Amino acid sequence: LYSVAVEKGRLQRELQMAREIQEGLLPRTMPQVPGYEVAAVWQSAREMAGDFYDVFQLEDGSLCTVVADVSDKGAPSAMLMAVSRSMIRSFAFGGFGPLDTISRTNDLILDDTGNGMFVTVYHSRFQPGGFSQHINAGHNPPLLVRPSNGDAVFLPRGGRAVGWFPNNPLREVEISLQPGDFIIYYTDGLTDAENPAGEPFGEQRLAKAALHALNTSAENVLARLLDAVTQFAEGTPPFDDLTLVVVRYIG
């Protein structure tokens with residue numbers, strides 16, 4: 001029993017260290033890019049998560065965001081998460097556009113992983129003036145909210161998860177944002193969150209909550225969305241990781 005307890009303690013310490021390393025890969029602070037506000041939250045359902053997000057500024061002044069969800073859970077997912085993050089950053093900083101960045105990441109992960117694991121990714125690049133480019137590789141479609149007309153529309157689904165198939169049919173979407181517009185990125189830990197009756201939070205509740213957060217900061221949008229899902233769950237423990245990122249164009 002003593003040996004078992006010692007071994008269990010060792011494993012717990014290693015998991016805690018791994019979690020600290022994983023958290024260290026997340027942005028410590030948000031880049032201050034003129035014209036944009038960014039807010040984000042990351043919540044792990046276990047010691048280690050398959051969800052991740054990244055926000056960084058390129059040398060040309062553009063703002064990049066990445067939200068992703070690795071298949072399965074635990075240490076293998078966390079390792080693929082770290083590799084995916086590094087590849088995407090490397091290609092983006094190397095001068096490749098969003099389409100080439102995700103395409104090249106897909107090819108490399110496909111070559112390196114033979115265990116059937118994959119990662120859904122949504123990658124965006126925001127330019128000065130509100131012009132933006134978006135790539136969806138099998139991920140939950142972000143929600144675009146336009147306060148000027150009260151619209152809340154989900155962006156197109158597209159492509160397959162990274163590391164799943166060669167020749168991923170990715171398609172770049174271009175959007176011109178107006179001052180006040182914001183985009184909500186999330187993983188299925190948000191929309192699949194359940195209440196005590198087993199009902200999922202879902203996309204429609206997300207859109208409704210977003211429309212109650214018009215004309216406010218990215219931080220306030222984030223806070224209101226988290227409040228909405230927390231009240232809906234009524235204390236039901238999460239069974240999946242949750243990541244939420246809000247990008248607001250302020251002009």
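What share of the contacts in the protein with a separation of 6 or more comes from residues 24 or more positions apart? The notes below start there.

1. **Overall make-up.** This is a predicted model. Residues 24 or more positions apart account for 71% of the contacts with a separation of 6 or more. The protein has six helices and 10 strands. Of its 251 residues, 50% count as buried.

2. **The five-stranded sheet.** Five strands form an open sheet in the order S2-S3-S4-S5-S8, and the pairing is antiparallel. The edges are taken by strand S2 (51-57) and strand S8 (172-176); each has a single partner strand, so one side of each is left without a neighbour in the sheet. From one strand to the next the twist averages 15 degrees. Strands of a sheet pair through backbone hydrogen bonds, in either a parallel or an antiparallel sense.

3. Seven bridges hold S2 against strand S3 (residues 63-70) in the antiparallel sense. Within that pairing, Gln-57 has Leu-63 of S3 as its bridge partner. S3 is joined in turn to S4 by eight bridges, again running antiparallel. Here Cys-64 stands opposite Arg-125 in S4.

4. **Strand S4.** Is strand S4 (residues 119-126) enclosed or open? Eight of its eight residues are buried, so the strand is largely enclosed by the rest of the structure. In a regular strand the side chains alternate between the two faces of the sheet. In S4, Val-119, Val-121, His-123 and Arg-125 point one way, while Thr-120, Tyr-122, Ser-124 and Phe-126 point the other way, and all are buried.

5. **The S4-S5 hairpin.** S4 and S5 run antiparallel and are joined by five bridges. The bridge partner of His-123 in S5 is Ile-135. Four residues lie between the two strands of this hairpin, and Gly-129 takes a positive phi near 95 degrees in it.

6. **His-134.** This residue belongs to strand S5 (residues 131-137). Its relative accessible area is 1%, so His-134 counts as buried. The side chains of His-134 and Ser-124 are joined by a polar contact of 2.7 Å. Leaving aside residues up to four places away in sequence, His-134 touches a set that includes Tyr-122, His-123, Ser-124 and Phe-126. Also among its contacts are Arg-171, Glu-172, Val-173, Ile-175, Ile-183 and Tyr-185.

7. **Salt bridges around Asp-54.** Side chains of opposite charge can pair when their charged atoms come close. The structure holds five salt bridges. One of them joins the side chains of Arg-85 and Asp-54 at 4.0 Å, N to O. That pair links distant parts of the chain, with Arg-85 in helix H2 (residues 74-93) and Asp-54 in strand S2, 31 residues apart. Both Arg-85 and Asp-54 are buried. The side chains of Asp-54 and Arg-89 meet in a salt bridge at 2.5 Å, N to O. Arg-89 lies in helix H2 and Asp-54 in strand S2, so this pair ties together parts that are 35 residues apart in sequence. Asp-54 has a relative accessibility of 2% and counts as buried, whereas Arg-89 is partly exposed at 23%. Asp-54, Arg-85 and Arg-89 are linked in a network of salt bridges.

8. **Arg-146 and Asp-181.** These two residues form a salt bridge, with the closest N and O atoms 2.5 Å apart. Arg-146 is in strand S6 (residues 143-146) and Asp-181 is in the loop between S8 and strand S9 (182-186), so the pair ties together parts that are 35 residues apart in sequence. Arg-146 and Asp-181 are both buried.

9. **Positive phi outside glycine.** Asn-167, a residue other than glycine, has a positive phi near 55 degrees. Asn-167 sits in the loop between strand S7 (151-154) and S8, and its relative accessible area of 72% makes it exposed. Glu-234 is not a glycine either, and its phi is positive at about 50 degrees. Its place is in the loop between helix H6 (218-233) and strand S10 (242-249). At 59% relative accessibility, Glu-234 is exposed.

Conventions: Residues numbered from 1 in each chain as written. Predicted model: local features only at pLDDT ≥ 70, side-chain atom pairs only at ≥ 80, totals over all residues. Heavy atoms only, no water. Pairing = 2+ DSSP bridges. Axes fitted to C-alpha atoms, helices over the stretch in contact; angles between N-to-C directions. Buried < 20%, exposed > 50% of the residue type's maximum accessible area, 1.4 Å probe, protein only. Polar contact = N/O pair within 3.5 Å; in protein donor to acceptor, adjacent residues only side chain to side chain. Contact = heavy atoms within 4.5 Å.
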